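This briefing looks at how the parts of one protein chain are arranged and how they meet. Please read it alongside the sequence and the model.

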Amino acid sequence: MTSLLHVVGARPNFMKVAPVLRAGRARPGVVQYLVHTGQHYDAAMSDRFFQDLGLPEPDVNLNVGSASHAVQTAKIMMEFEPVLDRLQPDWMVVYGDVNSTVATALVASKKGIKVAHVEAGLRSRDRSMPEEINRLLTDQLADVLLTPSRDGDANLRAEGIPEARIVFVGNVMVDTLLSLRATAQALGTPAKHGLAGKPYAFCTFHRPSNVDHAATLQEILGALDDLAGRMPVIFAIHPRTRARIGEFGLQHLAQRVTLLDPLSYLDTVSLVDQATLVLTDSGGLQEETTVLGVPCLTARPNTERPVTITEGTNRLIPSERAGILAAVEQVLAQRASGHFKPGRPEGWDGRAGERIIAALAGD
Ligand code: UD1
């Protein structure tokens with residue numbers, strides 16, 4: 001028997017745990033627990049995702065909520081310790097690069113509980129991003145590093161991680177995307193917004209580097225408003241971004257943009273699937289657009305997901321009005337000339353969850 005304790009906390013974790021839980025359920029002799037730290041807690045950021053993804057109720061919710069990085073990380077560690085003492089799993093499985101990932105990996109490794117990191121090895125080499133710190137530390141702590149792409153293996157080797165701890169499994173978020181794509185298409189979310197068969201742009205922005213500085217956010221909103229002059233622009237807005245727009249008094253800048261509250265997973269996939277292009281700073285959307293074959297413009301100076309550029313549809317662009325609009329023009333011209341050729345990286349095939357369970361349950 002193998003017992004696995006999966007820890008999730010924030011929105012991007014939920015799509016990653018679903019296929020692993022499913023693969024674990026299908027395997028005799030695997031016992032699983034699900035702990036939610038409560039880093040994300042709004043219905044739109046958490047409950048809706050549990051519903052869309054068919055996730056079970058967590059066995060434990062630590063209800064930590066929002067705070068500064070130090071306070072949030074410390075709270076997760078304090079609340080998680082007694083849970084780990086009680087459940088004593090063979091493996092703790094952590095996902096991605098959020099504060100819940102590093103906080104719980106640190107608790108487990110000091111207690112001698114083996115840690116498996118799903119989505120190991122990604123590097124932006126930009127330590128101003130909190131996620132990069134979380135990735136570096138979690139990978140140092142983990143006993144098994146489950147990588148989504150070959151660049152992850154190379155990054156870990158270059159950091160001196162022993163080869164025996166690195167297991168290439170492919171991209172588990174793609175399992176979820178491929179299994180729910182048809183359901184999302186059937187929802188017809190574009191039609192609900194009057195967009196069926198029409199060109200439109202879908203966008204999300206929530207990185208502190210883009211939304212916490214008034215001047216940068218102003219550039220981005222200005223570009224989106226200009227673009228909305230030529231095609232509908234749907235902006236699914238993170239609570240952090242909505243708060244900053246209010247604080248900086250920038251509501252007037254995005255008059256022509258359709259601002260939506262955070263969307264469910266299925267509505268997001270439904271809209272992204274039919275979009276002409278996506279503008280974002282999300283990690284997950286860089287990958288999802290690659291699989292769906294939709295051009296993606298990522299307003300960041302770097303990405304921890306380079307295969308989305310070399311093999312997919314992604315391109316890095318500046319967070320600045322003229323640069324964003326120039327990149328949009330190039331994408332539209334490329335699409336019109338038929339020179340747009342999406343690809344699919346190795347291991348992004350819908351079977352990563354099974355490979356993760358095989359790696360942990362003794363194959
Ligand atoms: C976190 C992750 C980020 C991920 C993002 C996806 C870290 C360091 N960052 O960033 O990698 O891309 O989730 O969404 O872990 N808030 C709500 N309701 C919620 C959750 C948050 O209103 O359910 C608001 C709060 O004002 C909070 C702010 O959003 O202070 C930021 O939330 P937080 O979890 O700290 O970081 P994210 O920006 O969501």
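This is a predicted model: local features need pLDDT of at least 70, side-chain atom pairs count only at pLDDT 80 or more; totals for chains, interfaces and linings use all residues.

Residues are numbered from 1 along each chain as its sequence is written, and side-chain values use heavy atoms, with hydrogens and water left out.

**Overall fold**
- The protein chain comes to 16 helices and 13 strands, taken as DSSP runs (H or I, at least four residues, for helices; E, at least two, for strands) and numbered from the N terminus.
- The radius of gyration, taken over C-alpha atoms, is 20 Å, close to the 21 Å that the globule rule gives for 363 residues, so the chain is as compact as a globular protein of that length; the rule is 2.2 Å times the number of residues to the power 0.38.

**Domains and their interface**
- Domain 1 covers 2-171 + 348-360 and domain 2 covers 180-337, with bounds from an automatic or database domain assignment.
- Contact, meaning heavy atoms within 4.5 Å, joins 23 residues of domain 1 to 21 residues of domain 2.
- The two domains bury about 1,800 Å² between them, 60% of it on carbon and sulfur atoms, buried area being the accessible area (1.4 Å probe) that two parts lose on being put together, summed over both.
- Of the area that domain 1 buries against domain 2, Asp52, Met129 and Trp348 supply 28%, more than any other three residues.

**Salt bridges**
- A search of the whole structure finds 26 salt bridges, each a side-chain nitrogen of Lys or Arg within 4 Å of a carboxyl oxygen of Asp or Glu.
- Glu159 and Arg123 form a salt bridge at 2.6 Å, N to O, and this pair links distant parts of the chain, 36 residues apart.
- Between domain 1 and domain 2 the count is three.
- Arg135 also pairs with Glu304 in a salt bridge, their closest N and O atoms being 3.4 Å apart.
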